[in-house]
Amino acid sequence: MITTIIRRGIQAMFVIFAMTLIVFLGVNVIGNPVDILVNPDLNQAERLRVVERLGLDQPLWQQYLTFLKGLTQGDFGTSFVYGRPALDVILDRLPATLELALLAMVIALVIGLPLGLYAGLYPNRISSRVIMTGSILGFSLPTFWVGLMFILLFAVELGWLPSNGRGSTVEFLGARWSFLTADGLQHMILPALNLALFKTSLILRLTRAGVQEVVAQDYVKFARAKGLRENRVILVHILKNLMIPVVTIIGLEFGSLIAFSVVTESIFGWPGTGKLIIDSINLLDRPVVVAYLMMMVVLFVTLNFIIDISYTLLDPRVRLDGKG
Amino acid sequence: MTPLLDVRKLVTEFPVGHGRTLRAVDEVSFQLGRGEVLGLVGESGSGKSVTGFSIMGLVDGPGRVSSGQIMFDGMDLTQANPEARRSLRGRRIAMVFQDPMMTLNPVLRIGTQLTETLHAHLQIGHNEAHARARDALALVGIPSPEERLDAYPHQFSGGMRQRVAIAIALLHQPDLIIADEPTTALDVTIQAQIIAEFQRLTEERGTSVIWITHDLAIASGLADRIAVMYGGRIVEMGQTDDVLSAPRHPYTRGLIRSVPSQNSRGTRLAQIPGVTPNLANMPKGCAFRTRCARADAACESRPGRFGGPQAFHRCFHPHEETA
C-alpha cells in the first residue's frame, strides 16, 4: 500500500512537471499581452519599462526557469491585470466554483444513482423506459440552452428563483460561501441544476448498465438462494459491486465540473473560476491562465489518486498486501 | 408418511416473444423422501437446473413456473407468497451452485456472507452469529476458521470456496439441499473430497438432496435414486442400481455407454449420435426419437409413463435386457 502511494506520487510529479512545460510554452506563444495591457498613448521608453517589469523582455527559456523557480516557492507569478499574485486571484474565486460543483455532484448522485438502480433492476417497466428516455434528453440538450430555459421559466416567468450572482455570502474558514445562507442557496439552485443535468444522465446510465451486469452474476442469485431480503441483495450485494465503476466516473466528472463549468458560470453570472479564466484568456493575463491550468492538472492528478485509493477500499481484490 | 418434496406436473416456461414460449421443464413429476438423495442427470439444456431453480423459486425472469405443483412438506410452493418463499430459502431449502468462483460475492468478507444468512432468518446477536459462522467453517474442514472469516473470496482456492458455499447451505440445517453440479468446476482430486464431505454432512443430518449433474459416475456413487432428464422431461427414473444395470430408455443406455470407464480398452467409445435438440424446436412426440435407433412411427406421439411413480420410463420400445 505504502509503496503504491509512493510510486503514484513519483508518477504524479512527472505528470505535473511535463504539464508545466506544455502549459507554459503553449500560453506564451499566443498573442502579445503588451498590446492589450499597455496604454497606447505611452511613449516607447515607458512601454519598455512595462515590458521589463512584466519580465517579457527575457528569452522564453529564461522566463520558464523563473516560473519554475517561483513554483517551488508556491509563487505562480503576478497577474498582469490585477497586479496581485495569480494564485490569490484564483483562490478568491475558487470557493464559488467549488461549492457549485459540489452541489451539482450531490444532485447528480442523489437523482442519478437511485433512478439508474431502479431502471436496471426493472428494465421492462414503463417507468424505467420513461427514465431512460429522459436521460437521453439530459445527455443531448446543450447546457447553455437548458440554462437559458431555466432562467426563462423559473426566474422570468414564474419568478421563483434568482438567476444571477451568488446572493449573500458568509465567511467561513477564510473564504466566502453561498451555501450557508438561505439567499445564497437559492441563487445556487438554478446553476447547480444546470450543471447537474448532464452528470445525472451519465451516472444514471452508467448505474443502469452496471446493475444489469451485476444482477446476472451467480453471486446475486446465490444471495437470494440464501434467503436474504431483497433490500439487502440490492443495497449490499449489488450496490457494492456497482460502486467501482461509478466512483471512477464520479471522481473524473467532479474534476470536469470544477474545470469546465465556464458555460454555466457565464450564463448565471456566477463569479467562479470558469468566468475568471475566460476573462483572463481574453486579456492575455498569462500568469493567471498558467496558474489556473496548473491547478487543474494538480486537481485531476489528485482526483485520480483518490479514485485509486477508493478502489482498494471498495474492491478487496485490488489490495496488494494480500491480507485484506 | 408424506414425502418431503412432491413435484407434480411442473411446467416452467420462458417467453420468447410473439406470444411463444419455451418449455424448459415439461410436466416433471417426482417425489423425494426425507434423507433421500436423488440424482438428476442430463445433458446441458435438458432442464435439470431449471427444475432446481423452480423449486427454489429463483427462475430468471421473464421465465416462470406456469403450471403444476411443488409440494414441500405439505405446502404448495407455487401458491406461496414471496415472503414465505424467501423465508424457506436458505433455511429449509438450500442450494449449492456450480461455479464456486462466481457464487461468493467478491467484495464481501466470508464472515459477512455467512452471518447475513443467519441474520436473514434468525433474531440473533452479532457474537452468536460470528460463533456459528466460525463453527460452520470448521465443520466443512476449513483450517483456522476464525481468521478465515475476515478473508475475501479471492483469497480462497476453488475447492475452499465450494466448502464455504456448502457451509452456508448447511447453516440452518435445511431439510433439502439442491446441489447444482457443485463439483463440475473443480479438479478431480478436489471433486472427490467435496463429494465425500458433502455426503458425510448430509447423511449425518438426514438431509434430502437433489444432486444435479451431467456426470453419471458421480450420480451413481451418491444417489439412492436417479432421474434422467431429456428435453425438459424425466425420461427414466428408478433406483440407482436398477437404472444403471438395466436401463430401459435408449437415452439412458446411451449415456451409460458414453462413460469411458464402461468401455474395454481399445474399443471405440460409444456415442449418442446427433446433438440435444433446441428447446425452441423440439421434435413432436418423443424428444429423443431423432437420435434414437429404435424410433418408429409410434414415437411421433408422446410417450406416457410406463411403470409406477417410483420407477418408470417413457419409451415405446424400451430395452428389456441388462446393459
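A residue is called buried if 20 or more other C-beta atoms lie within 10 Å of its own, exposed if 12 or fewer do, and partly exposed in between. Keep that in mind for the views below, which come from a predicted model.

**Figure 1. Chain B as a whole, with its 11 helices and 12 strands.** The radius of gyration of chain B is 21 Å, close to the 20 Å that the globule rule gives for 323 residues, so chain B is as compact as a globular protein of that length. Its C-alpha trace spans about 65 × 50 × 40 Å along the principal axes. By the cut-off above, 45% of the 323 residues of chain B count as buried. If you follow the contacts between residues at least 6 apart in sequence, 64% of them join residues at least 24 apart in chain B.

**Figure 2. The annotated stretch of chain B, residues 2-256.** The label here comes from UniProt, where an unreviewed entry gives "domain: ABC transporter" for these residues. Helix makes up 39% of residues 2-256 of chain B and strand 27%.

**Figure 3. A closer look at D73(B), a residue with positive phi.** You will find D73(B) in the loop between strand 4 (64-72) and strand 5 (75-76) of chain B. Phi of D73(B) is near 55 degrees, and the residue is not a glycine. How many other C-beta atoms lie within 10 Å of D73(B)? There are 16, a count that falls between the exposed limit of 12 and the buried limit of 20, so D73(B) is partly exposed.

**Figure 4. E181(B), also in a loop of chain B.** This loop runs between strand 7 (176-180) and helix 8 (188-205) of chain B. Phi of E181(B) is near 45 degrees, again a positive value in a residue other than glycine. Is E181(B) buried or exposed? E181(B) counts as buried, because it has 21 C-beta neighbours inside 10 Å.

**Figure 5. Where chain B touches chain A.** The contact brings together 27 residues from chain B and 21 residues from chain A. On the chain B side, helix 2 (82-88), helix 3 (100-103) and helix 4 (110-119) are the elements that give two or more residues. The chain B residues at this contact comprise 13 nonpolar, 8 polar and 6 charged.

**Figure 6. The two domains of chain A.** The domain assignment places domain 1 at residues 2-72 of chain A and domain 2 at residues 89-314. Their C-alpha centres lie 33 Å apart. Where they meet, 13 residues of domain 1 of chain A are in contact with 12 residues of domain 2 of chain A. On the domain 1 side, helix 1 (2-28) and helix 2 (33-37) of chain A each supply at least two residues. Helix 1 of chain A gives the largest share of that side, 10 residues. By type, the domain 1 side has 9 nonpolar residues, 3 polar and 1 charged.

**Figure 7. Residues 94-307 of chain A, a stretch with a UniProt label.** The unreviewed entry lists these residues of chain A as "domain: ABC transmembrane type-1". The span is 79% helix and 3% strand. Its end C-alpha atoms lie 22 Å apart.

Note on methods
Residues numbered from 1 in each chain as written. Chains lettered and ligands numbered in written order. Predicted model: local features only at pLDDT ≥ 70, side-chain atom pairs only at ≥ 80, totals over all residues. UniProt positions renumbered as here; feature names shortened; annotations may be inferred. Helix = DSSP H or I, 4+ residues; strand = E, 2+ residues; numbered from the N terminus. Domains from an automatic or database assignment. Contact = placed C-beta atoms within 7 Å. Nonpolar A, V, L, I, M, F, W, Y, C, P; charged D, E, K, R; others polar. Rg over C-alpha atoms; globule rule 2.2 N^0.38 Å.
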